[in-house]
Amino acid sequence: MSRLVVVSNRVAPITEGEPTAGGLAAGVMDALRHTGGLWFGWSGQTVPDVVPAESLLPGHPPAVAHSGPVTLYTTDLTQRDYNEYYRGFANGTLWPILHYQTALARFDWAEFEGYRRVNRHFAHHLTSLVGPQDVIWAHDYHLLCLAEELRAKGLRNRMGLFLHTPWPAPAVLMTVPAHAELVRSLCQFDLIGFQTEGDRLAFADYVRRELGGEEFPGGVVSAHGRLIRTGVYPIGVHVDPLRAEAVAGADHPQMAALNRAVDDRALIMSVERLDYSKGLRQRFAAYERFLANHPGWHRRVEYLQIAPPSRSDVEAYQAIRRELEGEAGRINGRFAELDWTPLRYLNRSFPRKALMPLYAAAQVGLVTPLRDGMNLVAKEYVAAQDPVDPGVLVLSQFAGAARELDAALLVNPHDEAGVAAALDLALSMSREERRERHASMMKVMRFNSLERWRDRFEADLRALAVVEQAA
């Protein structure tokens, strides 16, 4: 069987025998370990522009590590590449546009060229690593130009891209001056996977409207003289291991500390990266509205927000951190009592095995991004719950997970009063209704599991390779 070659912006650090954190990392490693293969990406290290690193010299192989049948290859970037590719076009332009935050996006042609240059750099190293029968599975918005760069180097392998983020409507995408060049490059992939049908339709709409292409049955679109298959592959989680982690961690010292702090009050919990797309400011405002509108819950509920730092060298992220710290202090100043802190805001990260018992202890999981490709926090919260006495998920209608978890309380994150009302409903909900909603969501999550996401995409990509060989 041909090997699977995975390419992503970063290669997850792997310790043999340890669980792999994160949906992409867990799914990718499972697939690679099944058939053997390689995983290529940035090392996370930068080198000075003035002194070229050996790893960047033409023909010099990237760093290599092994994890069973999986070979991990990593390459460094120069500081200029990091600034233009990662901080610049990927996260200063694409990330906000993909999440419909056009006011926060910037564009610079030099940064777009830096983005293409790093995609070209990845392609340069991959050319010497990939065999003629291998299939290439690229991940996410960092690598939209990778297939075109590989094609330019003569590779005819089947190549697929899975987009973990949303894909915006054509009018939003077109605010990027390089949108035409970007989609032209993207169309060099053979298979493009999206989280939801809405994302896939937005891409197909652009192809029809802006490229004069066509859409055929089976998700096939024509563009730039090629036929590209598109599909919907909602990413999932390992349900049973997450519940096992929640149970195993119930006696951890941190849980005893939490129980002492909360003191039998109901717990509302959120865990999101410190990112403007996650709707944290709007969430704080909705919780404040909840406290103002429902004084009967005073001293009976606490809200725990865990927000690990993200891209701390980007000004927009520094600004949201300052804003949230100020808002948390103001809300507590307005409502707190000597023995009650209504909002606990922790700007730090926790390992997954520590989060699962925290999820299980929360009566409400509050997950309200302004826009999200999927949002695995929502699925992890549901998986961690005790099915006999589960909590309630309050979920943004703009998260991809809302297409599957429709038994959650779906809310508009821009509607403070609506979110406040949903919190009151969630905290007041009977056990019978909570169990019914939880069972419904678990059924969907077991069907759209992480394994199914992985296996469907890989099978569809390999099937394309078989068709090519038969032709």
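**Figure 1. Domain division of the predicted model.** Domain bounds here come from an automatic or database domain assignment. The model is predicted, and its protein chain is divided into domain 1 (4-236 + 451-463) and domain 2 (239-447). Between the C-alpha centres of domain 1 and domain 2 the distance is 31 Å. Domain 1 supplies 25 residues to the contact, and domain 2 supplies 20 residues.

**Figure 2. The largest nonpolar core and Y115.** This core has 93 residues, and the members that touch the most other members are Y115, L146, W167 and F203. Helix α2 (residues 79-98) gives the most to the core, namely nine residues. Because both domain 1 (4-236 + 451-463) and domain 2 (239-447) give residues to this core, the core lies between them. With residues up to four places away in sequence not counted, Y115 touches E84, Y85, F89, A90, L94, Y141, H142, L143, L144, C145 and L182.

**Figure 3. Packing of helix α10 against helix α14.** Helix α10 covers residues 280-293 and helix α14 covers residues 416-428; their axes are 8 Å apart, and the packing angle is about 60 degrees. The crossing of these two helices, α10 and α14, is right-handed. From α10, the contact is made by A285, A286, Y287, R289 and F290; from α14, by E416, A417, V419, A420, L423, D424 and L427. Sorted by class, the contact of α10 with α14 holds nine nonpolar and three charged residues, and no polar ones.

**Figure 4. Surroundings of Q282.** Q282 is a residue of helix α10. Its relative accessible area is 15%, so Q282 is buried, the cut-off being under 20%. Not counting residues up to four places away in sequence, Q282 touches L370 and P413.

**Figure 5. Packing of helix α6 against helix α7.** The axes of helix α6 (residues 179-186) and helix α7 (residues 197-211) lie 12 Å apart, and the two helices pack at an angle of about 115 degrees. The crossing in which α6 passes α7 is left-handed. On the α6 side are H179, A180, V183 and L186, which meet F203, Y206 and L211 in α7. By class, the contact of α6 with α7 has six nonpolar residues, one polar residue and no charged residues. F203 of this contact is also among the residues that touch the most other members of the largest nonpolar core.

**Figure 6. Surroundings of P170.** P170 is located in helix α5 (residues 170-173). P170 has a relative accessible area of 9% and is therefore buried, as this is under 20%. When neighbours within four places in sequence are left aside, the contacts of P170 are A202, D205 and Y206. Y206 also belongs to the α7 side of the contact with α6. P170 and D30, 140 residues apart in sequence, are 35 Å apart in space from C-alpha to C-alpha.

**Figure 7. Surroundings of R106.** R106 is part of the loop between α2 and α3 (109-127). The relative accessibility of R106 is 39%, so R106 counts as partly exposed. Residues touched by R106 are R87, G88, G92, T93 and E111, not counting those up to four places away in sequence.

Definitions and conventions: Residues are numbered from 1 along each chain as its sequence is written. This is a predicted model: local features need pLDDT of at least 70, side-chain atom pairs count only at pLDDT 80 or more; totals for chains, interfaces and linings use all residues. Side-chain values use heavy atoms; hydrogens and water are left out. Axes are lines fitted to C-alpha atoms, for helices over the stretch in contact, and angles run from 0 to 180 degrees between N-to-C directions. Helices (H or I, at least four residues) and strands (E, at least two) are DSSP runs, numbered from the N terminus. A crossing is left-handed if the near helix is turned anticlockwise from the far one by less than a right angle, and right-handed if clockwise. Contact means heavy atoms within 4.5 Å. Ala, Val, Leu, Ile, Met, Phe, Trp, Tyr, Cys and Pro count as nonpolar, Asp, Glu, Lys and Arg as charged, and the others, Gly among them, as polar. A nonpolar core is a set of buried Ala, Val, Leu, Ile, Met, Phe, Trp, Tyr and Cys residues joined through side-chain atoms within 4.5 Å. Buried means under 20% relative accessible area, exposed over 50%, partly exposed in between (1.4 Å probe, protein chains only).
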